[in-house]
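This briefing concerns the arrangement of aromatic rings, strands and nonpolar cores in one structure. Please read it alongside the sequence and coordinates.

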Amino acid sequence: MQAETETRWIVLGADGRHVSLGRAEPSEAEVKAASDALVAQGLSGWLARMQGEYYSQRNLTLEPLRTIGTTPEADWQAALTAFHAMRRDAIGRKP
């Protein structure tokens, strides 16, 4: 029997910083609040669906669902590379 893959919705910033919005699809109000928070800081990013265990050594996938924040032209690949570097650091620090 194969274990289910965890699915989370996250906000991924253009610089790789990220925050989980939870395991349930966020409401429009939650997405707007996240977008407004990015705008207030002059940042851009994406609402994305993450599949896989964050603290696992296994690969996980991120699917960009829509841009949010200030600049819709932000570079998804650069953000993804920065995200994976931050995740590797977090896995290394996990007790």
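Which residues do ring pairs link into a cluster? The cluster consists of Tyr54, Tyr55 and Phe83. The model is a predicted one, in which local features need pLDDT of at least 70 and side-chain atom pairs count only at pLDDT 80 or more, while totals for chains, interfaces and linings use all residues. Residues are numbered from 1 along each chain as its sequence is written, and side-chain values use heavy atoms, with hydrogens and water left out.

**Aromatic pairs**

- Rings of Phe, Tyr and Trp (its six-membered ring) pair if their centres lie within 6.5 Å; planes under 30 degrees apart are stacked, those over 60 are edge-to-face and the rest are tilted.
- By this rule there are three aromatic pairs.
- Tryptophan 46 and tryptophan 76 form an edge-to-face pair, at 5.1 Å centre to centre and with 80 degrees between the planes.
- This pair links distant parts of the chain, 30 residues apart: tryptophan 46 is in strand 3 (residues 44-51) and tryptophan 76 in helix 2 (residues 76-93).
- Helices (H or I, at least four residues) and strands (E, at least two) are DSSP runs, numbered from the N terminus.
- Tryptophan 46 is buried at a relative accessible area of 5%, and tryptophan 76 is buried at 15%.
- Buried means under 20% relative accessible area, exposed over 50%, and partly exposed in between (1.4 Å probe, protein chains only).
- Tyrosine 54 and phenylalanine 83 form another edge-to-face pair, with 6.1 Å centre to centre and 75 degrees between the planes.
- Tyrosine 54 lies in the loop between strand 3 and strand 4 (61-69) and phenylalanine 83 in helix 2, so the pair ties together parts 29 residues apart in sequence.
- Both tyrosine 54 and phenylalanine 83 are buried.

**Strand pairing**

- Strand 1 (residues 7-13) and strand 2 (residues 18-22) pair in the antiparallel sense over four bridges; pairing requires that DSSP finds at least two bridges between two strands.
- The two strands form a hairpin with four residues between them, and glycine 16 in the turn has a positive phi of about 95 degrees.
- Valine 11 stands opposite valine 19 in strand 2.

**Nonpolar cores**

- A nonpolar core is a set of buried Ala, Val, Leu, Ile, Met, Phe, Trp, Tyr and Cys residues joined through side-chain atoms within 4.5 Å.
- The largest core has 13 residues, and Ile10, Leu12, Met50, Leu62, Trp76 and Phe83 have the most contacts inside it.
- Strand 1, strand 3 and helix 2 each give two or more residues to this core, with helix 2 providing the largest share, five residues.
- A second, separate core of seven residues includes Val11, Ala34, Leu38 and Leu47.
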